[in-house]
Amino acid sequence: MRLQYCVYVLISLKDRNLYVGYTTDLQQRLTAHFNGEVASTAPRRPFRLIYCEYHHAMSDAKRREQYLKTSAGKTGLKLMLRDALSEFRQA
């Protein structure tokens, strides 16, 4: 059984804000973000991938993505990734 749905978090090196998304092909999606092919993130480039998690069911991945976009989800992400985020905030 393959875990094919990836929820990922990018940090913009331009504005230091987070972007949360999900995909079935992380490499292709990252390439699109990094090359400016995603309209919602193109002006915020460059990005770094700071977190990803895989799910078996698409519905679980979509639910997780939506949760991470809420205030509670963002707070949880910032707590969970505080060391990684501190490195980018100091850079």
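# Helix and sheet: a quick chat

User: Which residues of helix H1 are buried?
Analyst: Leu 26, Leu 30, Ala 32 and His 33 are the buried residues of H1, the helix at residues 26-34. Bear in mind that this is a predicted model.

User: Why do they sit on the same side of H1?
Analyst: They cover an arc of only 160° around the axis, so they fall on the same side of H1.

User: What do the buried residues of H1 pack against?
Analyst: Three strands: S1 (5-12), S2 (18-23) and S3 (47-55).

User: And what happens just after H1?
Analyst: Gly 36 takes a positive phi there, about 80°.

User: Switching to the sheet. What order do the strands take?
Analyst: The order is S2-S1-S3. These 3 strands form an open sheet, and the pairing is antiparallel.

User: Which strands stand at the edges?
Analyst: S2 and S3 do. Each has a single partner strand, so one side of each is left without a neighbour in the sheet.

User: How about the twist, what does it average?
Analyst: From one strand to the next, the twist averages 20°.

User: How many bridges join S1 to S2?
Analyst: There are 6 bridges between S1 and S2, which run antiparallel.

User: What about the hairpin of S1 and S2, how many residues are between the strands?
Analyst: The hairpin has 5 residues between the strands. Arg 16 takes a positive phi near 65° in this hairpin.

User: New topic, His 55. Where does it lie?
Analyst: His 55 is in strand S3.

User: Is His 55 buried or exposed, and why?
Analyst: His 55 is buried, because its relative accessible area is 17%, and the cut-off for buried is under 20%.

User: Which side chain does the side chain of His 55 make a polar contact with?
Analyst: That of Glu 53, at 3.0 Å.

User: Leaving aside neighbours within four places in sequence, which residues is His 55 in contact with?
Analyst: His 55 is in contact with Leu 3, Gln 4, Tyr 5, Val 7, Asp 60, Ala 61 and Arg 64.

Technical notes: Residues are numbered from 1 along each chain as its sequence is written. This is a predicted model: local features need pLDDT of at least 70, side-chain atom pairs count only at pLDDT 80 or more; totals for chains, interfaces and linings use all residues. Side-chain values use heavy atoms; hydrogens and water are left out. Buried means under 20% relative accessible area, exposed over 50%, partly exposed in between (1.4 Å probe, protein chains only). Helices (H or I, at least four residues) and strands (E, at least two) are DSSP runs, numbered from the N terminus. The arc is that of the directions from the helix axis to the C-beta atoms. Contact means heavy atoms within 4.5 Å. Two strands pair if DSSP finds at least two bridges between them. Axes are lines fitted to C-alpha atoms, for helices over the stretch in contact, and angles run from 0 to 180 degrees between N-to-C directions. A polar contact is a pair of N or O atoms within 3.5 Å; within protein, one must be able to donate a hydrogen and the other to accept it, and residues adjacent in sequence count only if both atoms are side-chain atoms.
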